[in-house]
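Please look over the chain shown below before reading on. The notes after it go topic by topic.

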Amino acid sequence: MDLKSMYREIVNDHNLHPTHKHDMEGANMELRGVNPSCGDDITLKLKVENGVITDGAYVGEGCAISQASADMMLDLVIGEDEENAKHLADIFMRMIKGDASEEEIEELDEAAALENISHMPARVKCAMLGWRTINELLEDEES
């Protein structure tokens, strides 16, 4: 299996069998993220205790890329402190823009499967929706 096929399989698996796409009771942080150009619409819910993201989920609708990306993001950030979650979101956004190093991209685990989305400009906002939403959510909390 070539790398492109493997990446496509990872994205499809997260879209068809998402771990984190469900409503979640007890969230103490919540934010809706919308991509009007594509119709992607998610509500991200996090449970944060002592600065650590202990649980997370999302609900909503959207294209395969937006849904898979949000699911992969939650795989990465659950169990991490807020600063590291923002760090991972920064790497993801820079990866999409082509500005992240290979070492940084490795930190993204399966989310690195979306690296080549930058070659599909219409899909960039789809891939970034969950990451942008978590970044806004964590930044708003600091304010």
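The model is predicted. Its largest nonpolar core counts 43 residues. Helix 5 (121–142) is one of the elements that supply at least two residues of this core. The largest share, 9 residues, comes from helix 5.

**Nonpolar core**

- Leu44, Leu46, Val77, Phe92, Leu108, Trp131 and Ile134 touch the most other members of the largest nonpolar core.
- Helix 1 (3–16), helix 2 (64–77), helix 3 (82–97) and helix 5 each supply at least two core residues, and so do strand 2 (40–49) and strand 3 (52–61).
- Which residues does Leu108 contact, leaving aside neighbours within four places in sequence? They are Leu76, Leu88, Ile91, Phe92, Met95 and Trp131.

**Strands 1 and 2**

- Strand 1 (residues 29–35) runs antiparallel to strand 2, and the two pair over 7 bridges.
- Leu31 stands opposite Leu44 of strand 2.
- The two strands form a hairpin, with 4 residues between them. In the turn, Gly39 has a positive phi of about 95 degrees.
- Asn35 belongs to strand 1. Asn35 has a relative accessible area of 2%, so it counts as buried; the cut-off for buried is under 20%.
- Asn35 touches Asp40, Lys125, Cys126 and Leu129, not counting residues up to four places away in sequence.
- Val48 belongs to strand 2. Val48 is buried, at 9% relative accessibility.
- Beyond its neighbours within four places in sequence, Val48 contacts Asn28, Met29, Ile53 and Glu82.
- The C-alpha atoms of Val48 and Gly26 are separated by 9.9 Å, with the two residues 22 apart along the chain.

**Helix 3**

- Helix 3 has 16 residues. From first C-alpha to last it reaches 23 Å, close to the 22 Å expected at 1.5 Å a residue.
- Asp81 caps the N-terminal end of helix 3. A side-chain oxygen of Asp81 lies 3.1 Å from the backbone nitrogen of Glu83.
- The buried residues of helix 3 are Glu82, Ala85, Lys86, Leu88, Ala89, Ile91, Phe92, Met93, Met95 and Ile96.
- An α-helix has 3.6 residues a turn, so residues three or four places apart point the same way.
- Just after helix 3 comes Gly98, with a positive phi of about 85 degrees.

**Cysteines**

- How many disulfides does the model hold? The count comes to 0.
- Cys38 is in no disulfide, and the nearest cysteine sulfur, that of Cys126, is 3.6 Å away.
- Is Cys38 buried or partly exposed? Cys38 counts as partly exposed, because its relative accessibility is 32%.
- Cys63 counts as buried, at 17% relative accessibility.

**Positive phi outside glycine**

- Asn50 is not a glycine, yet its phi is positive, near 55 degrees. Asn50 is found in the loop between strand 2 and strand 3. Asn50 is exposed, with a relative accessible area of 84%.
- Asp109 is not a glycine either, and has a positive phi of about 50 degrees. Asp109 lies in the loop between helix 4 (102–106) and helix 5. Asp109 counts as exposed, at 57% relative accessibility.

Methods. Residues numbered from 1 in each chain as written. Predicted model: local features only at pLDDT ≥ 70, side-chain atom pairs only at ≥ 80, totals over all residues. Heavy atoms only, no water. Core = buried A, V, L, I, M, F, W, Y, C linked by side-chain atoms within 4.5 Å. Buried < 20%, exposed > 50% of the residue type's maximum accessible area, 1.4 Å probe, protein only. Contact = heavy atoms within 4.5 Å. Pairing = 2+ DSSP bridges. Expected span 1.5 Å × (residues − 1). Polar contact = N/O pair within 3.5 Å; in protein donor to acceptor, adjacent residues only side chain to side chain. Disulfide = S-S within 2.5 Å.
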